[in-house]
Amino acid sequence: MKDEEELSYSRALVPKHNFLYKVIIVILLVIIGLLVGFYFAVIAPKGNAVEEHSSGDNEQVTITINDDYDTKQIGVQNIMIDYVDNCNCSVNYPEIGIEEVDSSIFKYANSLKYGFIESFKSSGEVDATKYFQNVDYQSYLESGDIIKIVFIDQITNEANIVLSQKEHTHYYRMSDGKEIDEYHSIIDTTNQIDSLEPLEGEDFSNFNLVYSGDIIKYATSEVNIRVEKDINSEPIDLLREGQAIEVRSGDGEWDTVLYDGKPFYVKSAYLTRKKNLHKDVELEVLDRGIDPDKPMVAITFDDGPNPISTPRILDTLEQYGVVATFFDLGQLVDRFPDIVRREEAIGCEVGNHSYAHKNLNTLTDDEMQEDIRKSEAAFIKALGHKTVLFRAPYGNANLKVRENWEYPIIKWNVDSLDWKTRNKTKILKEIRKIKDLDNHIILLHSIYGTTADAVETLVPELLNQGYQLVTVSELAFYNGNTILKTAEEYLSFPK
Ligand code: ZN
């Protein structure tokens with residue numbers, strides 16, 4: 001575990017030993033990197049079992065079969081992200097490798113997305129940003145040449161309450177690519193799902209900890225121990241940051257703690273299971289001649305890499321010799337590793353944006369750990385190391401998310417609204433509203449052509465205004481933050 005951590009943080013975190021030690025470590029890492037790269041590029045391409053399959057017209061098609069997952073046996077995972085009309089949709093679907101099947105799957109996945117959007121339009125819901133759609137799927141090789149796909153379409157609200165969950169099952173025949181309609185079924189599983197934990201809440205049944213009864217937790221800051229579950233009730237004592245306390249139970253908002261052998265109450269949001277929640281992450285940046293006294297701005301791009309618009313954005317950055325930060329999705333890193341490598345090759349910073357763009361606040365510990373494991377594996381496979389920084393999908397990171405993802409969490413303080421307007425002029429107008437962008441972090445998305453259009457104007461404009469375009473790590477570093485803290489959220493880095 002220790003070795004993996006040091007290896008994965010190698011690009012940004014090198015222990016402060018002498019120079020020779022650093023050089024030896026770098027050489028060793030390069031050799032390991034080359035060996036790992038050779039393994040993935042030559043010995044084990046894609047890491048998946050691949051089956052040649054003869055379709056109806058005797059053409060050979062390649063089908064990907066995954067040995068390592070039991071619920072996503074067949075196909076390559078793909079994702080559609082949409083924020084259209086203020087709805088937050090993340091739709092996951094497989095690509096099997098048989099054109100006719102894939103076209104049916106895509107159409108169906110797209111119809112689920114539009115079904116969600118239309119239902120909010122017709123309900124007259126004005127602020128749909130409070131709702132999240134997450135479509136996940138399971139894919140199986142059934143007997144003979146039948147593929148079974150189960151789409152799980154879940155809609156939650158801001159309080160992580162499951163509003164609806166439906167399972168749509170489809171069967172396809174590989175030999176002719178046709179869907180077998182008579183087996184298509186929709187099951188409403190909404191009532192089988194307990195409402196997920198509220199924000200900052202913790203459900204003890206989801207903790208995989210080997211406690212026989214009581215749980216030790218630690219204060220995330222100074223916090224009062226109270227007589228009643230009420231912030232106006234009398235405080236009995238004060239917990240200092242990092243101080244441990246025995247927790248008996250919790251209702252999501254208040255934890256019942258044992259103090260002097262008697263039960264008292266502490267706000268759950270200020271107690272964590274991690275003894276050292278805020279670990280140091282030491283930043284190391286290359287010297288590119290950045291002047292700390294001159295204005296600087298960090299442009300960030302989420303949700304990619306996208307095979308069409310991300311390369312266009314990289315072309316613009318390369319043309320002007322500037323850098324940005326890309327918060328990429330592990331799932332797309334798996335699909336387009338060359339684009340992610342190009343991001344890093346031209347000096348950009350790559351950050352983790354989770355594997356499948358789920359609203360992380362709604363995940364159980366197990367689901368969260370699975371998402372982390374798959375996402376980190378994708379970055380290690382593509383780049384040879386984990387990323388230093390993390391940005392949560394939708395910016396949603398409650399205490400449980402911050403405990404599980406052990407990264408500094410980067411937010412933004414300028415939202416270009418590119419996800420909403422999808423219009424070059426409006427994107428530029430939104431950013432130009434901020435008269436002084438010094439030390440700001442701008443949110444953009446690398447998946448839209450309109451964003452790539454806006455970047456062609458934005459980059460020279462910022463340069464003409466005298467801004468240095470920097471990565472998020474550089475922005476932190478040159479403003480005196482050589483160390484960031486895990487589980488801490490950063491919106492910008494004021495001097
Ligand atoms: Zn996102």
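Of the 495 residues of the protein chain in this predicted model, 37% count as buried. The chain contains twelve helices and 25 strands. Among contacts with a separation of 6 or more, 68% are between residues 24 or more positions apart.

The largest nonpolar core comprises 67 residues. Those with the most contacts inside this core are Val297, Leu317, Ala324, Ile442, Leu469 and Leu475. With residues up to four places away in sequence left out, Ala324 touches Ile299, Thr300, Phe301, Leu317, Cys348 and Leu469.

Helix α4 (residues 309–320) and helix α11 (residues 449–464) have axes that come within 9 Å and cross at roughly 15 degrees. The two helices are therefore roughly parallel, since an angle under 35 degrees is classed in this way. Their crossing is right-handed. On the α4 side, the contact is formed by Ser309, Arg312, Ile313, Thr316, Leu317 and Tyr320. These residues meet Gly449, Thr451, Ala452, Val455, Glu456, Val459, Pro460 and Leu463 of α11. By class, the contact of α4 with α11 consists of eight nonpolar, four polar and two charged residues. Leu317, which takes part in this helix contact, is also listed among the residues with the most contacts inside the largest nonpolar core.

The axes of helix α10 (residues 424–432) and α11 come within 8 Å, with a crossing angle of roughly 50 degrees. The helices α10 and α11 are therefore oblique to each other. The crossing of this pair is right-handed. From α10, the residues Lys424, Ile427, Leu428 and Ile431 meet Thr450, Thr451, Asp453, Ala454, Thr457 and Leu458 in α11. Five nonpolar, three polar and two charged residues make up the contact of α10 with α11. Thr451 of α11 meets residues of α4 and is also listed in the contact with α10.

Several backbone features were found in loops. A cis peptide bond, with omega of about 0 degrees, joins Gly304 and Pro305. Pro305 is placed in the loop between β17 (296–302) and α4. Asp260, although not a glycine, has a positive phi of about 55 degrees, and its place is in the loop between β13 (254–259) and β14 (262–267). Asp260 counts as exposed because it has 8 C-beta neighbours inside 10 Å. A positive phi, near 80 degrees, also occurs at Ser354, a residue other than glycine. Ser354 lies in the loop between β19 (349–352) and α7 (365–383). With 26 other C-beta atoms within 10 Å, Ser354 is buried, whereas Asp260 is exposed.

A charged residue, Asp153, is located in strand β6 (residues 146–157). Asp153 counts as buried because it has 22 C-beta neighbours inside 10 Å, the threshold being 20 or more. Beyond residues up to four places away in sequence, Asp153 touches Leu112, Val135, Gln165, Lys166 and His168. The C-alpha atoms of Asp153 and Phe116 are separated by 9.4 Å, and the two residues are 37 residues apart along the chain.

Notes:
Residues are numbered from 1 along each chain as its sequence is written. This is a predicted model: local features need pLDDT of at least 70, side-chain atom pairs count only at pLDDT 80 or more; totals for chains, interfaces and linings use all residues. Axes are lines fitted to C-alpha atoms, for helices over the stretch in contact, and angles run from 0 to 180 degrees between N-to-C directions. Helices (H or I, at least four residues) and strands (E, at least two) are DSSP runs, numbered from the N terminus. Angles under 35 degrees count as roughly parallel, over 145 as roughly antiparallel, 65 to 115 as roughly perpendicular and the rest as oblique. A crossing is left-handed if the near helix is turned anticlockwise from the far one by less than a right angle, and right-handed if clockwise. Two residues are in contact if their C-beta atoms, placed from the backbone, lie within 7 Å. A nonpolar core is a set of buried Ala, Val, Leu, Ile, Met, Phe, Trp, Tyr and Cys residues joined through C-beta atoms within 7 Å. A residue is buried if 20 or more other C-beta atoms lie within 10 Å of its own, exposed if 12 or fewer, and partly exposed in between; C-beta atoms are placed from the backbone.
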